[in-house]
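Please look over the sequence and the fold before reading on.

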Amino acid sequence: MQEPRLTLITRPGCHLCEAAKEAVDRVVAATGDRYVEIDVESDLELEREYGERVPVVLLDGREHGYWRVEEARLLADLAQPR
């Protein structure tokens, strides 16, 4: 099984992160993709990179967006091959 194309970087207690999870859940429900969620506080490098800029969506390991999930854009980008 392939690794998920999507990664959602979040922080506990973050209301924007909760909204982002709901948005990503809708996207993967439509596409059949999966995603992994990573707590930014679990990794010092992630904390340095993203800090207060969470939630962050990574697509194929590259930053796709932060703070808000652009669902239509994410759906379109997931339709593209890796």
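## Basis of the description

This is a predicted model, in which local features need pLDDT of at least 70 and side-chain atom pairs count only at pLDDT 80 or more, while totals for chains, interfaces and linings use all residues. Residues are numbered from 1 along each chain as its sequence is written, and side-chain values use heavy atoms, with hydrogens and water left out.

## Overall fold

The protein has three helices and four strands, these being DSSP runs numbered from the N terminus (H or I of at least four residues for helices, E of at least two for strands). Along the sequence they follow the pattern β-α-β-α-β-β-α.

The C-alpha trace spans about 30 × 25 × 20 Å along its principal axes. The radius of gyration of the protein is 12 Å, which agrees with the value near 12 Å for a compact globule of 82 residues; this radius is taken over C-alpha atoms, and the globule rule is 2.2 Å times the number of residues to the power 0.38. Of the contacts between residues at least 6 apart in sequence, 64% join residues at least 24 apart, where contact means heavy atoms within 4.5 Å.

The protein exposes about 5200 Å², of which carbon and sulfur atoms supply 50%; accessible areas come from the Shrake-Rupley method with a 1.4 Å probe, and for residues only the protein chains shown count as cover. Buried residues make up 39% of the 82 residues, with buried meaning under 20% relative accessible area, exposed over 50%, and partly exposed in between (1.4 Å probe, protein chains only).

## Nonpolar cores

In soluble globular proteins, nonpolar side chains tend to be buried together. Here the largest nonpolar core has 12 residues, namely L6, L8, A20, A23, V24, V27, V28, V57, L59, V69, L74 and L78; such a core is a set of buried Ala, Val, Leu, Ile, Met, Phe, Trp, Tyr and Cys residues joined through side-chain atoms within 4.5 Å. Strand 1 (6–10), helix 1 (15–31), strand 3 (56–59) and helix 3 (71–78) each give two or more residues to this core, and helix 1 gives the most, with five residues. Apart from this core lies another, of 10 residues, including C14, L46, V56 and L58.

L6 lies in strand 1 and counts as buried because its relative accessibility is 2%. Leaving aside neighbours within four places in sequence, L6 touches V24, V28, R34, Y35, V36, V57, L58, L59, L74 and L78.

Beyond residues up to four places away in sequence, T10 is in contact with C17, E37, I38, D39 and V40.

## Aromatic side chains

The count of aromatic pairs comes to one, where rings of Phe, Tyr and Trp (its six-membered ring) pair if their centres lie within 6.5 Å, and planes under 30 degrees apart count as stacked, over 60 as edge-to-face and the rest as tilted. Y66 and W67 form this edge-to-face pair, at 4.8 Å centre to centre and 70° between the planes. Y66 is partly exposed at 35% relative accessible area, and W67 is partly exposed at 42%.

The charged end of R53 sits over the ring of Y66, 4.8 Å from its centre; the rule requires NZ of Lys or CZ of Arg within 6 Å of the ring centre and within 35 degrees of the ring normal.
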